[in-house]
Amino acid sequence: METKKVLIAEDDKLLSTIFRMFLKELGYELVGIVINGNEAIDKCKELKPDVILMDIHLQGEIDGIQTAQIIQESLNLPVIFISHDTREETIKSAISNPSYGFLAKPIDISSLGVSIELAYYKHKNIQKKTINDQLYKTLIENSPDAVIVIMDNRIEYLNNSALSMLNILDVNNVLHHSIQELFLDKATDVILNGIEKAAKGNKKIEDTDIVIPGGEQEDLYLKIF
C-alpha cells in the first residue's frame with residue numbers, strides 16, 4: 001500500500017514536533033512543516049501532499065482558512081483544520097469552506113489517524129464522482145436525442161440537440177422560463193399531462209412524439225424533478 005504524504009502547516013514548534021512523532025508512528029510520510037500560508041501554498045505546488053494539516057490561525061499575510069481555500073481552489077488537495085480555538089464563529093468559518101475535517105487541540109494520535117484516512121478517502125471519492133459526472137454530462141450534452149430538464153415547470157437545462165431542435169441560439173434566453181414558452185399549446189399539454197401522470201405514479205415519463213413550433217415531429221426525452 002502506498003504511503004500517504006502529509007504536509008503540516010503549523011507555527012507552534014512544540015506541536016509540530018508532536019505531529020511529526022504521531023505521523024511517524026502512524027506510518028505516514030511527513031513531506032514538510034511550514035509556518036505560514038504562503039509557504040504552505042508553495043510546498044503544496046511542489047510536493048502535492050495527499051493531506052494537509054492546517055492550523056487555522058497561521059501567522060503571516062493570510063490565515064489558515066484563506067490558505068486552505070487557495071490550495072483547494074488551485075490544487076484540489078484535502079485540508080484538515082486544526083486549532084485551539086473552538087468558538088462557534090471559528091468553526092463556522094472553517095466549515096464554510098470545502099472542509100475535510102476539524103481537529104481541536106490537543107490532538108490524540110488515534111483521532112489524527114482516523115481524520116487523515118477519512119480526509120484522504122473522501123477526497124478520492126469526490127474526485128471519482130466529479131470525473132463520472134463530467135463524463136455523464138459530456139454524453140448528455142452531445143446526445144443525438146433532445147434532452148430538457150424541467151423543475152417546477154421551469155426550464156433548467158437543454159442539451160445541444162434540444163437547442164438545435166427548438167432553434168434556440170442562446171440557452172440563457174430560455175433558462176428558468178416556463179415550458180409553455182417553448183412549445184405549441186398541444187405539445188405543452190402532452191408534456192404537462194406526462195409530468196402529472198409520472199408524478200402520481202412515481203414513474204418515468206414515457207417517450208412521446210410531440211410537434212415543435214417548426215412543425216416537425218420529434219421524440220423528446222424529459223427529466224423531471
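**Group meeting: salt bridges, a sheet and a helix**

By the distance rule used here, the count comes to 6 salt bridges. I will go through some of them, then turn to the sheet and to helix H5. Please keep in mind that this is a predicted model.

The side chains of Lys105 and Glu10 form a salt bridge, with 2.8 Å from N to O. Lys105 sits in the loop between S5 and H5, while Glu10 sits in the loop between S1 and helix H1 (13-26), and the two are 95 residues apart. Are these two residues buried or exposed? Lys105 is buried, and Glu10 is buried as well. The pair also belongs to a network of salt bridges, which links Glu10, Asp55 and Lys105.

The next pair lies within one helix. Lys43 and Glu46 meet through their side chains in a salt bridge of 3.8 Å, N to O. Both are in helix H2 (residues 37-47), and because they are 3 residues apart there, about one helical turn separates them. An α-helix has 3.6 residues a turn, so residues three or four places apart point the same way. Lys43 counts as partly exposed, at 31% relative accessibility. Glu46 has 55%, so it counts as exposed; the cut-off for that word is over 50%.

One more pair: the side chains of Arg87 and Asp85 meet in a salt bridge at 2.8 Å, again N to O. Which of the two is buried? Asp85 is, because its relative accessibility is 11% and buried means under 20%. Arg87 has a relative accessible area of 48%, so it is partly exposed.

Now the sheet. It is an open one, made of 5 strands in the order S2-S1-S3-S4-S5, and the pairing is parallel. Strand S2 (29-34) and strand S5 (102-104) are the edge strands, each pairing on one side only. On average, neighbouring strands of this sheet are turned by 20° against each other, direction ignored.

Let us walk along part of that order. S1 and S2 run parallel and are joined by 5 bridges. In that pairing, Ala9 stands opposite Val34 in S2. On to the next neighbour: 4 bridges join S1 to S3, and these strands run parallel. Here Leu7 stands opposite Ile52 in S3. Strand S1 is mostly covered, with 4 of its 5 residues buried.

From strand S3 (residues 51-55) we go to strand S4 (residues 79-83); 4 bridges join them, and they run parallel. Leu53 has Ile80 as its bridge partner in S4, and Met54 stands opposite Phe81 in S4.

How many of the residues of S3 are buried? The count is 5 of its 5 residues. In a regular strand the side chains alternate between the two faces of the sheet.

Last, a word on confidence. The protein averages a pLDDT of 82, and 80% of the residues score at least 70. Over residues 209-218 the pLDDT is below 50, and that stretch has 24 contacts in the model beyond near neighbours in sequence. Where pLDDT is low, the predicted coordinates should not be read in detail.

Terms used
Residues numbered from 1 in each chain as written. Heavy atoms only, no water. Pairing = 2+ DSSP bridges. Axes fitted to C-alpha atoms, helices over the stretch in contact; angles between N-to-C directions. Salt bridge = Lys/Arg side-chain N within 4 Å of Asp/Glu carboxyl O. Buried < 20%, exposed > 50% of the residue type's maximum accessible area, 1.4 Å probe, protein only. pLDDT = per-residue confidence, 0-100. Contact = heavy atoms within 4.5 Å.
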